[in-house]
Amino acid sequence: MEKSGILAQSNGLIERLKRHRWTIGLAGSVSALGMAAAIAVAPPDDDVTGVKTIVEQLALQGIQPLSLGQGSFLREERIQRGDTVGNILSRLGVHEPEAVEFIRTSPETRAMHQQLAPGKVVVARTSENGELHNLYFPLNGKDAALAVERQGGRLTARETALRFETQVVMKSAAIHSSLFGATDAAGIPDGIATQMAEIFSGDIDFHRDLRKNDRFTVVYEMHYLSGQPARSGRILAAEFVNNGKSYRAVGFEQGGQSTYYTPEGKSLRKAFLRSPLEFSRVTSGFAMRFHPVLQEWRAHKGVDYGAPSGTKVRATADGVVDFAGRQGGYGNLVIIRHSGNYSTAYGHLRGFGAGVKKGSRVAQGSTIGYVGQTGWATGPHLHYEFRINSQQVNPLALNLPTSIPLEPSQLARFKTQATPLLAHLDLLRNADLAALD
Ligand SMILES: [Zn+2]
């Protein structure tokens, strides 16, 4: 019984994939290598049976400009406790005095000031200079948003039904300065950039490992509101080529959750994360991105991550806290013991995560402290050590084991889902090569 339930669900996904009407647009303005394709999909429905199938063949339909990625930026921001409308606008990159003034003072935007619920996601599209194109603020208790838009040069605000239309978008870009530089240029929302960093976090340290001319292709869902990109959805598949090595990820839906696997069906989740810092626009801008690591490692047996004071530090693997306190030059230090003879150490912390003390259990990715400059530190940074039998080793040179393969019983179903997605990745890879000829 359970099995057939899972099967119906997977068919739902496959049908959704099959229903894509494909239009591939090469956005030549992005960069020589960057290009993008938008795939239009029938609006989502609640039909889980997926019986009415419209299978359409993959077809290239000429050049179409994208609504996003031509000097226009889409940003999503989650409201935090204590936020004001002013600092949300600034995080969204809205820097146009007229728009800020309109949202601050217009009676039509009052709901924004009254409903700043933490966790709510506000979306804005702006020009390169921070002029507001449109902004969507979800309203409490209904399927509606306050839409601030520009009509005939004037800003207006109105309530609009949140009727999203989902499209699958496929984009590819090369990294010239930073990951966010590349995603901005290609018009990829921050939510997708960080999801991508998360998916590959067992293989790539996005603070340290990125190289000039690394490149990626990503296939993801984008939700549109009144024809405008409103918010990003899930990544369906992605490829990241780091330092000449290709990593591929395909999402596999199980119980309403996407887990990511290699095309062969091996989990991308590893025993250890490559980086103890969560990747974000802020941390990516802070550290040196293309770093000659080895010399530095020999000097002090750890890896330093420059990051703003207060940045969350996460446990790179499940484990038990062995030490949390002050220790000489390390300042505030956390040491976590992991299975095998592995342990990790995190130094110069400003403070410790909630409940982090000797003997407490921590899960991979959980916050164990905050970046600071306690101990012998000249500026805010995290000093990270990887130890085997209490001896420091260079984590960046380490080839760590693991990754759990899919059960043979699930592998066939995974392959069925993965095949069309991998075809999408191949399509863009080949399109890239063609553009370079
Ligand atoms: Zn250090």
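Here are some questions and answers about this predicted model.

Residues are numbered from 1 along each chain as its sequence is written. Because the model is predicted, local features need pLDDT of at least 70 and side-chain atom pairs count only at pLDDT 80 or more, while totals for chains, interfaces and linings use all residues.

Me: What is the average pLDDT of the protein?
Reply: Quick reminder: pLDDT is the predictor's confidence in each residue, from 0 to 100. Here 76% of the residues score at least 70. The average for the protein is 77.

Me: Which residues with pLDDT under 50 have 14 contacts beyond four places in sequence?
Reply: A contact means that the C-beta atoms of two residues, placed from the backbone, lie within 7 Å. Residues 433-437 also have pLDDT below 50, but that stretch has 2 contacts beyond near neighbours in sequence. Where pLDDT is low, the predicted coordinates should not be read in detail. The stretch you want is residues 287-295.

Me: How many strands does the protein have?
Reply: Helices (H or I, at least four residues) and strands (E, at least two) are DSSP runs, numbered from the N terminus. The protein has 9 helices. Its strands number 22.

Me: What share of the protein's residues count as buried?
Reply: A residue is buried if 20 or more other C-beta atoms lie within 10 Å of its own, exposed if 12 or fewer, and partly exposed in between, with C-beta atoms placed from the backbone. The protein has 437 residues. The buried share is 38%.

Me: Why is helix α5 largely enclosed by the rest of the structure?
Reply: Helix α5 covers residues 179-186. Its buried residues are Leu-179, Ala-182, Thr-183, Asp-184, Ala-185 and Ala-186.

Me: Which residue in β10 is the bridge partner of His-223?
Reply: Two strands pair if DSSP finds at least two bridges between them. Strand β9 (residues 215-225) and strand β10 (residues 228-242) run antiparallel, with 10 bridges. The partner of His-223 is Arg-231.

Me: Which residue in the turn between β10 and β11 has a positive phi?
Reply: β10 also pairs with strand β11 (residues 245-254), antiparallel and over 6 bridges, and Ala-237 sits opposite Val-250 there. The two strands make a hairpin with 2 residues between them. In that turn, phi is about 55° at Asn-243.

Me: Is Asn-389 buried or exposed?
Reply: Asn-389 lies in the loop between β21 (381-388) and β22 (391-393), and its phi is positive, about 50°, although it isn't a glycine. Most residues other than glycine have a negative phi. Counting around Asn-389 gives 9 other C-beta atoms within 10 Å, so the residue is exposed.

Me: What about Ser-390, buried or exposed?
Reply: Ser-390 is in the loop between β21 and β22 too, with a positive phi near 65°. Within 10 Å there are 10 other C-beta atoms, so Ser-390 is exposed.

Me: Which residue in β20 stands opposite Lys-312?
Reply: There's an open sheet of 3 strands in the order β14-β20-β18, paired antiparallel. Its edge strands, β14 (312-314) and β18 (351-352), each pair on one side only. β14 and β20 (residues 367-370) share 3 bridges. Opposite Lys-312 stands Tyr-370.
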